[in-house]
Amino acid sequence: MKTAPLRWDIFCRIVDNFGDIGVCWRLARQLVNEHGQDVQLWVDDLSVMAALVPELSEEKSLQCIDGVTVRRWPEHWRDQPVTDVVIEAFACALPAAYLSALADSARPTLWLNLEYLSAEAWVEDCHGLPSPVAQSIGNLKKYFFFPGFTEKTGGLSREQNLLSSRDQFRKNAGNTRFLKSLGANPETGDLTLSLFSYENPHIGSWLSALSQQSHPVHLFVPEGRVQGDIADWLGLARLVAGQQFHRGQLHLYILPFTTPDEYDHLLWSCDFNIVRGEDSFVRAQWAAAPMLWHIYPQDDEAHRVKLEAFLRLYNQSFSESAANAVRAFWQDWNHGTNPTRSWQQMLADWPAIQAGARRWCEHLAAQKNISQQLVTFAEKQLLFAPRNLS
């Protein structure tokens, strides 16, 4: 006896470069490969997705990769078979004709609004609540689904073998081999850092501090928005992937854009990771290493509330002095303040910060991941009865 798979449509409009599609692609793969679901992923910009998924063809409107049916989101919608579950990722606004077809269908469809990740307390109260928008439209049922960091939320993206793969990678010296493939050969006692952030007006001061440390520092910078600030510090017009620079104790490596799996390897190989957005933010936590989240700045300063909400949870895994050092550095970096002094505080509490990062990862790993919770939630809401597929 097997439970018949549900049919899923996931819709993604790419707004913030790779963050939105990164979340949706990981989710689609997990639903297929770990839960046996039937998933179509509708994407409005295949050229951006192709940077993450090299096997993807920008020219094909329909293709299957890793068991996921990837489809171009057409400007003018055409009729499609009715699905069981539709995920509207990050309020991307579903096609009107698509919703009309679902509403007119005799079979029930679950409509999930997959929200952005937040640690704010109200998320627990809103997760899983029905929306009044679709409750009276045919057989449509719409609910809010919030990822999060507590058991009362929808959880985080995490493949079943992710943490064991990370541990095996480190045990087998995968980090050493990986960094060598990037042109680096750090010795014992050297500090390895990755930097994937938004622009920072004070990054030059931080880079200068790194160049003056007592031990060598290896800084790996994947292609992204922060490279302009680094070029200014170096006195260059622009940076090109593959370049390496040495300033004092600082060894700087400019990396080409990497695939999701390669980025995981970078995070696992570094002692400290600076990340941005949602997808890289979550992956850095699974690295179980010290980190900093450069949250997307908002005009109304709402990002400060979101940042503090996460720090309140995150720092529960740290000693008091380590928590204070983490908060100071995160706030300086995100609030546009020179982070040099708070960075030195971090280094002074380094062993305790490393221990706290490991405890936080273990805490999150004890919770159900988002794909598990989505399948359970969908089957419950649709009252999906097991069918004999043999």
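The second largest pocket is lined by 23 residues, and those nearest its centre are N175, W268, S269, C270 and D271. By pocket I mean, on a 1 Å grid over the protein atoms alone, an open set of points with protein on both sides within 12 Å along at least five of seven lines, whereas a cavity is a set of points where a 1.4 Å probe fits but cannot get out, and a lining residue has an atom within 4 Å of a point. What we are looking at is a predicted model, in which local features need pLDDT of at least 70 and side-chain atom pairs count only at pLDDT 80 or more, while totals for chains, interfaces and linings use all residues. Residues are numbered from 1 along each chain as its sequence is written, and side-chain values use heavy atoms, with hydrogens and water left out.

This second largest pocket has a volume of about 400 Å³, a volume being the space filled by probe spheres set on the grid points, which are joined across faces, edges and corners. Two or more lining residues come from each of helix 6 (174-181), helix 9 (260-269) and helix 14 (350-365), and helix 6 provides the largest share, 4 residues. Helices here are DSSP runs of H or I with at least four residues, strands are runs of E with at least two, and both are numbered from the N terminus.

Turning to the largest pocket, its volume is about 570 Å³, and among its 23 lining residues Y116, L117, E278, Y296 and Q298 are the closest to the centre. Helix 1 (19-33) and helix 11 (302-314) are the elements that give two or more residues to this lining, with the largest share, 3 residues, coming from helix 1.

Finally, which residues of helix 13 are buried? In helix 13 (residues 340-348) they are S342, W343 and M346, buried meaning under 20% relative accessible area and exposed over 50%, with partly exposed in between, for a 1.4 Å probe and protein chains only. Because they cover an arc of only 105 degrees around the axis, they sit on the same side of helix 13, the arc being that of the directions from the helix axis to the C-beta atoms. The face turned away from that buried side carries the exposed residues R341 and A348.
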